[in-house]
Amino acid sequence: MTRFLQAETPPLVLASGSATRAGLLRAAGLVFETAVPGVDEAAVKESARADGLEPGECALLLAELKARRISERQPGALVIGADQILVCGERWFDKPDGRAAAAEQLRALTGARHVLVTAAVALRGGVRVWQHLATPRLTMRALSDAAIEAYLDAAGAAVTSSVGGYQVEGLGIRLFAAIEGEHAAILGLPVLPLLGFLRQHGVLLD
């Protein structure tokens with residue numbers, strides 16, 4: 001990719017295997033590498049809840065753990081870690097492991113307002129140099145069981161790739177009555193605040 005007003009150094013690394021997050025950075029014209037950190041997210045969440053952490057604290061912790069894993073391997077890079085937790089009431093949601101689980105999540109969210117707690121952290125040389133927490137709010141329409149089943153039929157396997165069993169960048173947008181917040185943050189990475197940080201840090205030259 002041709003660099004568009006981006007410094008040669010430090011190299012930028014996204015500590016994530018998410019194609020969606022990588023796509024957001026690519027669409028913004030950033031040149032970067034990706035590296036999968038291999039963090040046991042379920043275990044960290046379980047421990048965080050046992051310790052009484054709030055969802056935002058847990059999301060920031062996970063984002064930093066991911067970035068730190070990669071920063072240890074590439075200390076000269078600027079490493080971006082991210083995490084997202086869907087919260088509705090007192091419940092924290094994970095990605096559904098199949099159609100039945102996706103249907104159950106959609107039934108739990110129907111007619112309700114939920115929050116996508118979305119964290120991003122940047123590390124350089126193992127030192128945290130930036131963090132941001134976004135809290136987009138989404139209100140799902142009241143959906144009948146028939147409407148949920150029809151959506152699952154149409155969306156197919158994609159429903160297991162995102163928390164809540166929906167993708168607002170596709171057919172999932174039809175499930176909602178209102179959405180508040182940056183679209184990119186809803187997809188898993190608060191891009192506008194990140195770009196602002198990259199300018200301040202001298203990575204972006206515009």
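Which hand does the crossing of H4 and H5 have? The crossing of H4 and H5 is right-handed, meaning that the near helix is turned clockwise from the far one by less than a right angle.

1. Basis of the note. This is a predicted model, in which local features need pLDDT of at least 70 and side-chain atom pairs count only at pLDDT 80 or more, while totals for chains, interfaces and linings use all residues. Residues are numbered from 1 along each chain as its sequence is written, and side-chain values use heavy atoms, with hydrogens and water left out.

2. H4 and H5. Helix H4 covers residues 99-109 and helix H5 covers residues 145-155; their axes are 10 Å apart and the packing angle is about 135°. Helices here are DSSP runs (H or I, at least four residues), numbered from the N terminus. Axes are lines fitted to C-alpha atoms over the stretch in contact, and angles run from 0 to 180 degrees between N-to-C directions. H4 and H5 are therefore oblique to each other (angles under 35 degrees count as roughly parallel, over 145 as roughly antiparallel, 65 to 115 as roughly perpendicular and the rest as oblique).

3. Residues between H4 and H5. H4 contributes Arg99, Ala102, Ala103, Leu106 and Arg107, and H5 contributes Asp145, Ile148, Glu149, Tyr151, Leu152 and Asp153; contact means heavy atoms within 4.5 Å. By class there are six nonpolar, no polar and five charged residues in this contact. Ala, Val, Leu, Ile, Met, Phe, Trp, Tyr, Cys and Pro count as nonpolar, Asp, Glu, Lys and Arg as charged, and the others, Gly among them, as polar.

4. H2 and H3. The axes of helix H2 (residues 41-50) and helix H3 (residues 55-73) come within 10 Å and cross at roughly 140°. H2 and H3 are therefore oblique, and their crossing is right-handed. The contact involves Glu41, Val44, Lys45 and Ala48 from H2, with Cys58, Leu61, Leu62, Leu65 and Lys66 from H3.

5. Leu62. This residue of helix H3 counts as buried because its relative accessibility is 0% (buried means under 20% relative accessible area, with a 1.4 Å probe and protein chains only). Leaving aside neighbours within four places in sequence, Leu62 is in contact with Val39, Glu41, Val44, Lys45 and Asp83. The C-alpha atoms of Leu62 and Lys45 are separated by 8.3 Å, at 17 residues apart along the chain.

6. Core. The largest nonpolar core has 45 residues, of which Tyr166, Leu189 and Leu198 touch the most other members. Such a core is a set of buried Ala, Val, Leu, Ile, Met, Phe, Trp, Tyr and Cys residues joined through side-chain atoms within 4.5 Å.

Key:
Helix = DSSP H or I, 4+ residues; strand = E, 2+ residues; numbered from the N terminus. Buried < 20%, exposed > 50% of the residue type's maximum accessible area, 1.4 Å probe, protein only.
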